[in-house]
Amino acid sequence: MTRASVVVPSRGGATRLPVLLEALAKQTHPDWEAIVVVDGDVDGSEQVLARYDHLPLRLIVLPTNRGRVTALNTGFAAATGEVLIRADDDFEPSPGHVAAHVAAHELAECGAIGQPLNIAPDNAYMRAYGHRADELGRAAAYAADPQVRWRFWGGNTSVTRAVFDRVGGFDDRYQGYGWEDVDFGYRVHRLGIPIVMLPAAEVRHHMASIDTVTRTSRAYLSGQARARFEQIHGLSTTEAAPASTWERVTRRLASRLDAESAQRTARFVDRTLPMLPRPLGRKAVALVVESAARAAEMDHKRDRHAD
């Protein structure tokens, strides 16, 4: 049996995967394999991966796009490692990445989380909002109470094979964007397995060009998935917010948004960002992103009640 398996779901990753594989080739841990699941080859990823036959790499190509959950479950099922490490195809792990994950599971049974170090092209969005949001997100993850660390389960995580089998894999009810990872982390936590943060497993995350439109689209889809999570588990993940002016404004805007109008609003923000003072630009992005997520949750709940 291999000591560690790195499982990578990928779609359209032909230009991203070489960075990941070159980094894996430099790992200090001697006993690992990588399982790359191409979720429908749309850009010649299979040909790119063929150039890395000198690595302990196994490739699975799904004939059509089946979605991230299917790609993840396929990869984890094929893995032979005792420690199963989740990775996205736009990661660039440090040489000690696999070793850091393996070491965590040698100490005690756990679920392990490494934080992403987001790297994105410089633009008005990143200067006004993106960099600050990343900093706050990382700080929140490290400061989180151990009982709620599952909320930060994402693309850089690991469990043992025994724990994965107990959890039961990723839930295929998550077919859109987001929350399949958080759901998995919650089920790890619900088994009474402690979740630890691994500073030594932080990974460089090469984000594609991102702007308010992209962030808002993801927020809307994530809002839908969050509502689905709450429905599945009967659990509220939203802390009661004080009746502030900001809360009232976001709620009011959310009540008027759907996926299409959220995109139109985001495009307007992107056009105006270069002309706005940075603090005002940050507020403008935050308003449309938070309102889009809330609008999606409201829509999901309305649809559910209508059924």
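A salt bridge here is a side-chain nitrogen of Lys or Arg within 4 Å of a carboxyl oxygen of Asp or Glu. By this rule the structure has 19 salt bridges. The model is predicted, so local features need pLDDT of at least 70 and side-chain atom pairs count only at pLDDT 80 or more, while totals for chains, interfaces and linings use all residues. Residues are numbered from 1 along each chain as its sequence is written, and side-chain values use heavy atoms, with hydrogens and water left out.

**Terms for position and exposure**

- Helices (H or I, at least four residues) and strands (E, at least two) are DSSP runs, numbered from the N terminus.
- A residue is buried under 20% relative accessible area, exposed over 50%, and partly exposed in between (1.4 Å probe, protein chains only).

**Salt bridges of Arg3**

- Glu82 and Arg3 form a salt bridge through their side chains, at 3.3 Å from N to O.
- Glu82 lies in the loop between helix 3 (68-78) and strand 4 (83-86) and Arg3 in the segment before strand 1 (4-10), so this pair ties together parts that are 79 residues apart in sequence.
- Arg3 also forms a salt bridge with Glu106, at 3.5 Å from N to O.
- Glu106 belongs to helix 4 (residues 97-107) and Arg3 to the segment before strand 1, so this second pair ties together parts that are 103 residues apart in sequence.
- Arg3 counts as buried at 18% relative accessibility, Glu82 is partly exposed at 34%, and Glu106 is exposed at 53%.

- Which residue forms a salt bridge with Glu260? The partner is Arg264, and the closest N and O atoms are 3.3 Å apart.
- Glu260 and Arg264 are four residues apart in helix 10 (residues 259-272), which means that about one helical turn separates them.
- An α-helix has 3.6 residues a turn, so residues three or four places apart point the same way.
- Glu260 is exposed, with a relative accessible area of 55%, and Arg264 is partly exposed, with 44%.
- Asp270 is placed in helix 10.
- Asp270 is buried yet has no salt bridge, and Arg267, the nearest side chain of opposite charge, is 8.2 Å away. For charge, Lys and Arg count as positive and Asp and Glu as negative, while His and the chain ends are not counted.
- With its neighbours within four places in sequence set aside, Asp270 is in contact (heavy atoms within 4.5 Å) with Asp211, Thr212 and Val213.

**Helix 5**

- Helix 5 (residues 124-143) has 20 residues and reaches 29 Å from its first C-alpha to its last, close to the expected 28 Å. The expected span is 1.5 Å times one less than the number of residues.
- At Gly130, helix 5 bends by about 40°. The bend is the angle between axes fitted to the seven residues ending at a residue and the seven starting there.
- The buried residues of helix 5 are Ala124, Tyr125, Met126, Ala128, Tyr129, Gly130 and Ala141.

**Pro194**

- Pro194 sits in the loop between helix 7 (180-190) and strand 9 (195-197).
- The relative accessible area of Pro194 is 46%, so Pro194 is partly exposed.
- Apart from its neighbours within four places in sequence, Pro194 is in contact with Glu109, Cys110 and Gly111.
- Pro194 and Ala128 are 66 residues apart along the chain, and 36 Å separates their C-alpha atoms.
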